[in-house]
Amino acid sequence: MSLPKRWRTLNRSTVGRAPERWGVYELGDDGEILAVEAGVLRDELKTALSYSDATQVRWEACQSRDHAERLADEHRERAGLK
């Protein structure tokens, strides 16, 4: 199961719109999930933009680090990435 959000193109503009708060995010390419991670969204997406092969991203902001990491674990398991 994926995040209930639409894919966005992973580029500088998208990264600039990401909130500076904890969240879970999926990196993808052509609609296929490549990775599910958790962290401070804007910081994490800056890194992904620089070092990842992903072309798409979607995220969900969370209330805390624990919440983000728990959701990431659940999404990884459902996506078969664990």
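This is a predicted model: local features need pLDDT of at least 70, side-chain atom pairs count only at pLDDT 80 or more; totals for chains, interfaces and linings use all residues.
Which residue in β4 is the bridge partner of Arg8?

**View 1. Four strands form an open sheet in the order β1-β4-β2-β3.** The pairing throughout this sheet is antiparallel. Because β1 and β3 stand at the edges, each with a single partner strand, one side of each is left without a neighbour in the sheet. Helix α3 packs on the sheet and touches β2, β3 and β4. The direction of α3 makes about 170° with that of β3.

**View 2. Strand β1 (residues 8-9) is joined to β4 by 2 bridges.** The two strands run antiparallel. Val57 in β4 is the bridge partner of Arg8, which settles the opening question. Val57 also belongs to the largest nonpolar core of the model.

**View 3. Strand β2 (residues 22-29) is largely enclosed by the rest of the structure, since 6 of its 8 residues are buried.** On one side, β2 is joined by 6 bridges to β4 (residues 56-61), and these strands run antiparallel. Two of the pairings can be followed residue by residue: Tyr25 stands opposite Trp59 in β4, and Gly23 has Ala61 in β4 as its bridge partner. Tyr25 and Trp59 are both members of the largest nonpolar core.

**View 4. Strands β2 and β3 form a hairpin with 2 residues between them.** Asp30, in the turn, has a positive phi of about 55°.

View 5. The most comes from α2, which gives 3 residues.

**View 6. Helix α2 has the buried residues Leu41, Leu45 and Ala48.** These residues lie on the same side of α2, because they cover an arc of only 55° around the axis. The buried residues of α2 pack against α1, β2, β3 and β4. The face of the helix turned away from the buried side carries the exposed residues Ser50 and Tyr51.

**View 7. Arg21 is found in the loop between α1 (12-17) and β2.** Arg21 counts as partly exposed because its relative accessibility is 36%. Beyond its neighbours within four places in sequence, Arg21 is in contact with Gly39, Val40, Leu41, Ala61, Cys62 and Gln63. One of these, Gly39, is 18 residues from Arg21 in sequence, with a C-alpha to C-alpha separation of 7.9 Å in space. A polar atom of the Arg21 side chain lies 3.1 Å from the backbone oxygen of Cys62.

**View 8. Arg76 lies in helix α3 (residues 65-79).** With a relative accessible area of 17%, Arg76 is buried. A polar atom of the Arg76 side chain lies 2.8 Å from the backbone oxygen of Val36. The helix that carries Arg76 packs on the sheet, where it touches β2, β3 and β4.

How values were computed
Residues are numbered from 1 along each chain as its sequence is written. Side-chain values use heavy atoms; hydrogens and water are left out. Buried means under 20% relative accessible area, exposed over 50%, partly exposed in between (1.4 Å probe, protein chains only). Two strands pair if DSSP finds at least two bridges between them. Contact means heavy atoms within 4.5 Å. A polar contact is a pair of N or O atoms within 3.5 Å; within protein, one must be able to donate a hydrogen and the other to accept it, and residues adjacent in sequence count only if both atoms are side-chain atoms. A nonpolar core is a set of buried Ala, Val, Leu, Ile, Met, Phe, Trp, Tyr and Cys residues joined through side-chain atoms within 4.5 Å. The arc is that of the directions from the helix axis to the C-beta atoms. Axes are lines fitted to C-alpha atoms, for helices over the stretch in contact, and angles run from 0 to 180 degrees between N-to-C directions.
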